[in-house]
Amino acid sequence: MAGGPAIGGGGKRGSAAQTVGVLNLLTDLAFNLLIFFVVCASTEPEKGRPQDVPNVNEKKTEESKVQPVKLRVSRTDVFLKGETEENLPIEGLAARLRELLAEKTNPRERIVMVQTDGDTTYSQWIKVAEKIEEAGGVMTMLKVTEKVVTLRKSGGE
Amino acid sequence: MRFKWKKLEVAPPYVSMADIAFNLVLFFVILARTQDDSHLKWEPAKSAATRQIENASMSITVDVDGKTYLNGQQVGIIELPEGIASQLAAKGETKGKVLLKIHKETQALTFEPIIKAVSKAGCEVVHVLEEQQ
């Protein structure tokens with residue numbers, strides 16, 4: 001940081017020193033402005049979407065009279081789970097969900113359970129979450145049953 | 001013999017002092033920001049419905065290699081609930097907002113347990129996304 005010489009004196013020497021001092025101060029000012037704009041640019045607020053993910057017990061919802069809408073999201077497709085799986089195009093998903101949720105006035109009943117395949121991408125999941133929100137549903141994640149695999153040594157226990 | 005003291009004409013460097021003060025302000029502004037995770041490589045998923053995010057308590061990032069970071073520090077998914085709880089305790093909060101910076105190609109096997117851990121900790125999930133034009 002250039003502090004610059006003390007401003008004072010007179011004559012030719014004094015005036016030269018004064019010019020150098022002013023130039024130093026201007027350089028400082030320019031440098032500070034540069035830093036200020038760099039900081040401003042790096043603190044640009046991020047954009048995104050908040051999401052409320054309620055913890056829903058599948059057993060409890062099965063016991064209740066109103067059946068929640070269940071979706072299975074694969075890497076490329078979305079399926080409506082029922083007795084048979086219905087393939088829903090992502091473009092028409094919001095409209096179909098709106099139909100299914102039309103009679104459900106209670107927010108607790110407007111739950112859409114989403115089950116994913118292991119390889120479903122985050123990008124695909126976000127698209128589905130967006131459509132559910134658009135249709136006025138509340139997205140929750142369906143717990144996939146975990147399989148326990150026990151490995152045994154050949155000829156061992 | 002009497003000496004004649006020369007009076008120095010030195011003015012306090014007010015401009016330089018203002019510069020220092022300004023730099024200090026900038027320094028504390030940068031310091032006050034949430035922990036820096038700008039070194040992590042990830043691409044956000046696109047969404048049409050995005051809004052501006054206010055300051056969050058912490059951030060969880062999943063990079064292009066599928067590694068998980070809590071406030072820029074690499075953690076395992078199993079360690080996440082404990083990590084979130086300790087971060088909240090350090091800030092004296094019971095609930096908070098967690099930014100999820102998940103790479104768009106991350107698979108459900110990785111991101112679902114993260115979302116579950118955050119919601120189980122009682123925090124609000126905020127997905128950081130790119131606005132679709």
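Visitor: Welcome me in with chain B: what share of its contacts between residues at least 6 apart in sequence join residues at least 24 apart?
Guide: The share is 72%, where a contact means that two C-beta atoms, placed from the backbone, lie within 7 Å. Please note that this model is predicted: local features need pLDDT of at least 70 and side-chain atom pairs count only at pLDDT 80 or more, while totals for chains, interfaces and linings use all residues. Residues are numbered from 1 along each chain as its sequence is written, and chains are lettered from A, ligands numbered from 1, in the order in which they are written.

Visitor: How do you know which residues of chain A touch chain B?
Guide: By that contact rule, 34 residues of chain A meet 40 residues of chain B. Among the elements giving two or more residues to this side of chain A are β1 (47–51) and α4 (122–134), but α1(A) gives the most, with six residues.

Visitor: Why are β1(A) and β2 of chain B called paired?
Guide: Pairing needs at least two DSSP bridges between strands; two bridges join β1(A) to β2 (residues 51–52) of chain B, so they count as paired. These strands run antiparallel, and A:Lys47 has B:Gln52 as its bridge partner.

How values were computed:
Helices (H or I, at least four residues) and strands (E, at least two) are DSSP runs, numbered from the N terminus.
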